[in-house]
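Subject: Structure for you to look at

Hello,

Here is the structure I promised to pass on. Please open it first, then read my notes below.

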Amino acid sequence: MSDWITALEGRRKSEDRIDFDTPDPAREALDATVVTPLIHLGVLDVIGSGAGKFLQGQTSAQVDLANGDFAPLTCFCTAKGRMLANAQLLRVAPDHYRLILHRGLIETLGSHLKKFAPFYKSELKVRDDLALIGLIGKEAKALAEVRFDLVPPAIWHQAGDESVQLLAHPGPQPRLLACLPVAAAQETVSRLTPQASLVGNAVWCLHDIQAGLAWLTPQHQDALLPQMINWEALGGISFKKGCYTGQEVVARAHFRGQVKKRLARAQLEGDRVPALGTPLLDENDKPQGEVLAAEMDAYGQPEILAVASTREEIGPLSVDGQPVKLMKLPYPIERLDPESLALA
């Protein structure tokens, strides 16, 4: 665990989860404002004179849209259209791009991209010297503006400079993600905690679930088409750009409507948080999907994101013996072009 988190008296619950002593953290995020170290996420930089052209041939984003203001969602696929990772793409300086993604995918994505980077005079850097900090709650925007001296951006946009970037993510409460040097992390959090309670990152992950936003983990790497996590409905795929690895399969699935599984949001009628990959079973105990993300909500019930069959006659489902109550996603399942989001 990083020294700055240890100094804040954080306790690691697992490789991807950190916890603090604040009681009822999920409820605190609804009623007030909280701050959390986002230890489940990491940073991979792409730097070089050909970095933009290099990324354009590898990622679902229209790279020119990442202009230091708009910070689009994107994904990297195999030739068969299966995702190796999904990420948010920032431009922090000319010829310098930044990817924020699940920490467990950085090594494998980096190894995949390094095969092509030298042809574009580009290099990849894993940025273990950077910290990611999340702010959630009613006063998150006002607090960020005061403490970072930055006007909070619109959702999927960025503010800041080469040293500090501030990003806005969707959710049931305002959410901001700050990327800054590890050397400044402890002091920054300490300046936030008089107005924001320090909580574990499970709260941030819960708000991802409630936003219908699934971040790929090693559990599902190279297994899902982007549309299976509703990536085109979140603006994570540009259908107006040229070729990239996997583009033909992704486009065919979109235009021919061949996606038989989709991301669904649900609450479980029980008290157990299922492991990633736990199957969704129908009344005949036949698998109809599996869990991609799961966290306990403010009311003591598990909430999940799952890739599930789109068949209407699927019937009642259960996960780990707990009945599934499907919940409405906060966005329509239809194509959202990132070109339109860039103008927001």
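Which exposed residues does the face of H4 turned away from its buried side carry? They are Glu107 and Lys114. (Buried means under 20% relative accessible area and exposed over 50%, with a 1.4 Å probe and protein chains only. Helices, H or I of at least four residues, and strands, E of at least two, are DSSP runs numbered from the N terminus.)

Two notes on the source. This is a predicted model: local features need pLDDT of at least 70, side-chain atom pairs count only at pLDDT 80 or more, and totals for chains, interfaces and linings use all residues. Residues are numbered from 1 along each chain as its sequence is written, and side-chain values use heavy atoms, leaving out hydrogens and water.

Back to H4, residues 106-114. Ile106, Leu109, Gly110, His112 and Leu113 are buried there.

Next, strand S11, residues 165-169. Five of its five residues are buried, so S11 is largely enclosed by the rest of the structure. Gln165, Leu167 and His169 cover one side; Leu166 and Ala168 lie on the other. S11 pairs with S10 (158-160) in the antiparallel sense over three bridges. Pairing takes at least two bridges found by DSSP. A four-residue hairpin joins S10 to S11. Five bridges join S11 to S12 (175-181), also antiparallel. Histidine 169 stands opposite arginine 175 in S12.

Last, the barrel. Six strands close it in the order S14-S17-S16-S15-S18-S19, with antiparallel pairing.

Best wishes
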